[in-house]
Amino acid sequence: MHPPLTLHRHPMCAEIIEAFQKCHVDHPVKKFFGECTDLKIKLDQCFRQEKALKRKANFEESKKFKERLQAYKREMAEQDKES
């Protein structure tokens, strides 16, 4: 199974999605016998690459957030000591 094939959600894979959908339209019966399998494999690989990039970006964002949170906690601890 694959996620919904909406182009706006998967801009990196747009060309492959369009080709895959065209293959399904052009081969309504052959698609069940492997006519579009090569495109499906490429699509899966593209989704994996896209997910890896998103995962890396989210990880970097979470590291920045943790650093800001730690700085805020230190600042609050210093203010408590001064009070």
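Predicted model: local features only at pLDDT ≥ 70, side-chain atom pairs only at ≥ 80, totals over all residues.
## Glutamate 67

Glutamate 67 is exposed, because its relative accessibility is 53% (exposed means over 50% relative accessible area, buried under 20%, and partly exposed in between, with a 1.4 Å probe and protein chains only). Glutamate 67 sits in helix H2, which covers residues 37-82 (helices are DSSP runs of H or I with at least four residues, numbered from the N terminus).

Residues are numbered from 1 along each chain as its sequence is written, and side-chain values use heavy atoms, leaving out hydrogens and water.

## The nonpolar core

Cysteine 46 turns up again in the largest nonpolar core, whose 9 residues are Leu5, Cys13, Ile17, Phe20, Cys23, Cys36, Leu43, Cys46 and Phe47 (a core is a set of buried Ala, Val, Leu, Ile, Met, Phe, Trp, Tyr and Cys residues joined through side-chain atoms within 4.5 Å). Helices H1 (14-26) and H2 each give two or more residues to this core.

Beyond its neighbours within four places in sequence, leucine 43 contacts Leu5, Cys13, Ile16, Ile17 and Phe20 (contact means heavy atoms within 4.5 Å).

## Histidine 10

Is histidine 10 buried or exposed? Histidine 10 is buried, because its relative accessibility is 7%. Its place is in the segment before H1. Not counting residues up to four places away in sequence, histidine 10 touches Pro3, Pro4, Ile17, Phe47 and Glu50.
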